[in-house]
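Dear colleague,

Please find the structure below, handed over for your records. The findings follow directly after it.

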Amino acid sequence: MSDDTGTQMTPAGSTGPRPEPIRLFGTTWVDHGHGYAARRIAVAVGSLAVAVASCLVLRLAYQGLQIAAIGDFVTVLMVAMFAICSALAFRHTWDGFTRRPDPDRQASLRGLLTVGFVGSLLAYFFRSLTEAPGEKLHREEFEEAREQYEKRTTRRSGNPRNRRRA
């Protein structure tokens, strides 16, 4: 719920923690409104379509290696590299939906994730079949922030001047 200024409101009427937007979903994941289902369908269809198109491009690259006749060893090496990098990128992306990735590790894996982009696209596809990618993590963090906020505000309620001294 929000007031006319767009500030996120808690049930007590005071301002509270705001949900963190998710890429392509904004904050629609909080109450599953404002086209949330349509966005999930679009992300699922889009990520699968891009993954299929990427596989076609990789197939053309494979055919180029065959035409160049560079040898079976290099061809097998290239296929294995894309397969392994895609599997690792899938796992890394999938884990990123349930916990925050370490920024240093993320930077060191940038090249691997770039090569294994098909795996990341497939992770987005499979996760979007059940929820917005990253929704579970964001929901847990948002609920925890709301609980902490509620504890802080209920402890501080009332004017300390009005308290009786013993």
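Thr153 is partly exposed, with a relative accessible area of 30%; on the scale used here, buried means under 20% relative accessible area, exposed means over 50%, and partly exposed lies in between (1.4 Å probe, protein chains only). Thr153 belongs to helix α6, which covers residues 135–155. Helices (H or I, at least four residues) and strands (E, at least two) are DSSP runs, numbered from the N terminus. Although Thr153 and Gly16 are 137 residues apart in sequence, their C-alpha atoms are 9.5 Å apart in space.

Please note that this is a predicted model, in which local features need pLDDT of at least 70 and side-chain atom pairs count only at pLDDT 80 or more, while totals for chains, interfaces and linings use all residues. Residues are numbered from 1 along each chain as its sequence is written, and side-chain values use heavy atoms, with hydrogens and water left out.

Overall architecture

The protein chain has 6 helices and 0 strands, and its pattern along the sequence reads α-α-α-α-α-α. Of the 166 residues in the protein chain, 28% are buried. A contact means heavy atoms within 4.5 Å. Among contacts in the protein chain between residues at least 6 apart in sequence, 64% join residues at least 24 apart.

Thr93 lies in helix α2 (residues 72–96) and Ser47 in helix α1. Thr93 counts as buried because its relative accessible area is 13%, and Ser47 counts as buried because its relative accessible area is 7%.

What do their side chains reach? That of Thr93 reaches the backbone oxygen of Ala89 at 2.8 Å, and that of Ser47 reaches the backbone nitrogen of Phe125 at 3.4 Å. The criterion for such a polar contact is a pair of N or O atoms within 3.5 Å; within protein, one must be able to donate a hydrogen and the other to accept it, and residues adjacent in sequence count only if both atoms are side-chain atoms.

Leaving aside residues up to four places away in sequence, Thr93 touches Ser120, Ala123 and Tyr124. With the corresponding neighbours in sequence left out, Ser47 touches Leu121, Tyr124 and Phe125.

The largest pocket

The largest pocket holds about 470 Å³ of space. Grid points are joined across faces, edges and corners, and the volume is the space filled by probe spheres set on the points.

Its lining comprises 19 residues, of which Arg23, Gly96, Phe97, Pro101 and Tyr124 lie nearest the centre of the pocket. Helices α2, α5 (117–128) and α6 each supply at least two residues of the lining, and the largest share, 3 residues, comes from α2. By class, the lining has 9 nonpolar, 7 polar and 3 charged residues. In this scheme Ala, Val, Leu, Ile, Met, Phe, Trp, Tyr, Cys and Pro count as nonpolar, Asp, Glu, Lys and Arg as charged, and the others, Gly among them, as polar.

Cysteines

How many disulfides does a search of the whole structure find? The search finds 0 disulfides, a disulfide being a pair of cysteine sulfur atoms within 2.5 Å. Cys55 is partly exposed, at a relative accessible area of 39%, whereas Cys85 is buried, at 11% relative accessibility.

Backbone points to check by eye

Most residues other than glycine have a negative phi. His34, which is not a glycine, has a positive phi of about 55°. His34 is placed in the segment before α1 (36–68) and is exposed, with a relative accessible area of 67%. Ala69, also a residue other than glycine, has a positive phi near 50°. Ala69 lies in the loop between α1 and α2 and counts as exposed because its relative accessibility is 63%.

With kind regards

Conventions: On a 1 Å grid over the protein atoms alone, a cavity is a set of points where a 1.4 Å probe fits but cannot get out, and a pocket is an open set with protein on both sides within 12 Å along at least five of seven lines; lining residues have an atom within 4 Å of a point.
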